[in-house]
Amino acid sequence: MKILIVSDTHRKNENYMKVLQKTGSLDLVIHLGDIEGSEYTIQEAAGCPVEMVAGNNDFFSNLPSEKTLQIGKYCVMITHGHHYYINMGNEMLKKEAIVQGADIVMYGHTHRPVIDISPQIIAINPGSLSYPRQENRKPSYIIMELDEHGEAKFELNYID
């Protein structure tokens, strides 16, 4: 199973389209918010199921602020993260995800990619495809793949 994880596109969908062309066939796309009215575009271009949550800039969206998904053997909580003060660190969010029974928590909002793997919880942030804020300032996304044993592998990728 191959899953594309993106966030914070802010209605600038050019890089999202590039990523879809580059990654090829996908089983699922997860968008972690700040879509800003591009829900239909994101969904239609994917060619597979899409899960989305609302971000702090999705003012008129009917999307939920968080969701729980079952991906293989993993319970996955998806949220934008702004309700968990994520700019101050991901500890509060990780604790809440553990309380909710999640194995993996995925969030956005900071525009900085994170792959944080610990025995208790895996925390994933793909960064931003439109307005990256990490040191190299490259738009980023994550590919999650389940291997033949059902184990999750995460790969951080950048658009040059």
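These legends walk through close-up views of a predicted model, one region at a time.

Because the model is predicted, local features need pLDDT of at least 70 and side-chain atom pairs count only at pLDDT 80 or more, while totals for chains, interfaces and linings use all residues. Residues are numbered from 1 along each chain as its sequence is written, and side-chain values use heavy atoms, with hydrogens and water left out.

**View 1**
A nonpolar core here is a set of buried Ala, Val, Leu, Ile, Met, Phe, Trp, Tyr and Cys residues joined through side-chain atoms within 4.5 Å. Buried means under 20% relative accessible area, exposed means over 50%, and partly exposed is in between (1.4 Å probe, protein chains only). The largest core holds 20 residues, and I30, I71, I104, M106 and M144 have the most contacts inside it. At least two of its residues come from each of β1 (2–6), β2, β4 (66–71), β5, β6 (104–106), β8 (122–126), β9 (140–146) and β10 (152–158). Strands (E, at least two residues) and helices (H or I, at least four) are DSSP runs, numbered from the N terminus. Pick out I71 and, leaving aside neighbours within four places in sequence, you'll find it in contact with M1, I3, L28, I30, V76, M144 and L146; contact means heavy atoms within 4.5 Å. Another core, of 17 residues, lies apart from this one, and L20, L26, I42 and V50 are among its members.

**View 2. Helix α2 and its buried face.**
Helix α2 covers residues 39–46, and its buried residues are E39, I42 and A46. Looking down the axis of α2, these fall within an arc of 75°, so they line one face of the helix. The arc is that of the directions from the helix axis to the C-beta atoms. Packed against the buried residues of α2 are α1 (14–23), β2 (28–31) and β3 (50–52). Just past the end of α2, G47 takes a positive phi of about 75°.

**View 3. Helix α3, buried on one side.**
The buried residues of α3 are L93, K94 and A97. Down the axis of α3 they sit within an arc of 100°, so they too line one face of the helix.

**View 4. Two loop residues with positive phi.**
Most residues other than glycine have a negative phi. H10 has a positive one, near 50°, and it is found in the loop between β1 and α1. H10 is buried, at 12% relative accessible area. E36 also has a positive phi, near 55°, and its place is in the loop between β2 and α2. E36 is partly exposed, with a relative accessible area of 28%.

**View 5. Salt bridges.**
Side chains of opposite charge can pair when their charged atoms come close. A salt bridge is counted when a side-chain nitrogen of Lys or Arg is within 4 Å of a carboxyl oxygen of Asp or Glu, and a search of the whole structure turns up 6 of them. One joins E51 and K67 (2.4 Å, N to O). E51 is in strand β3 and K67 in strand β4, so this pair ties together parts that are 16 residues apart in sequence. Another joins K73 and E151 (2.4 Å, N to O). K73 sits in the loop between β4 and β5 and E151 in the loop between β9 and β10, so the pair ties together parts that are 78 residues apart in sequence. K73 is partly exposed at 48% relative accessible area, and E151 is partly exposed at 30%. D147 and K153 also meet in a salt bridge (3.7 Å, N to O). Elsewhere, salt bridges that share partners join E91, K94 and D116 into one network.

**View 6. A nonpolar patch on the surface.**
Y85, M88 and M92 form a nonpolar surface patch with about 420 Å² of accessible area together. Patches are made of residues with over 30% relative accessible area and no salt bridge, with like charges joined within 9 Å and nonpolar side chains (Val, Leu, Ile, Met, Phe, Trp, Tyr) within 5 Å. Accessible areas come from the Shrake-Rupley method with a 1.4 Å probe, and for residues only the protein chains shown count as cover. M88 lies in the loop between β5 (74–79) and α3 (91–99), and M88 is exposed, with a relative accessible area of 76%.
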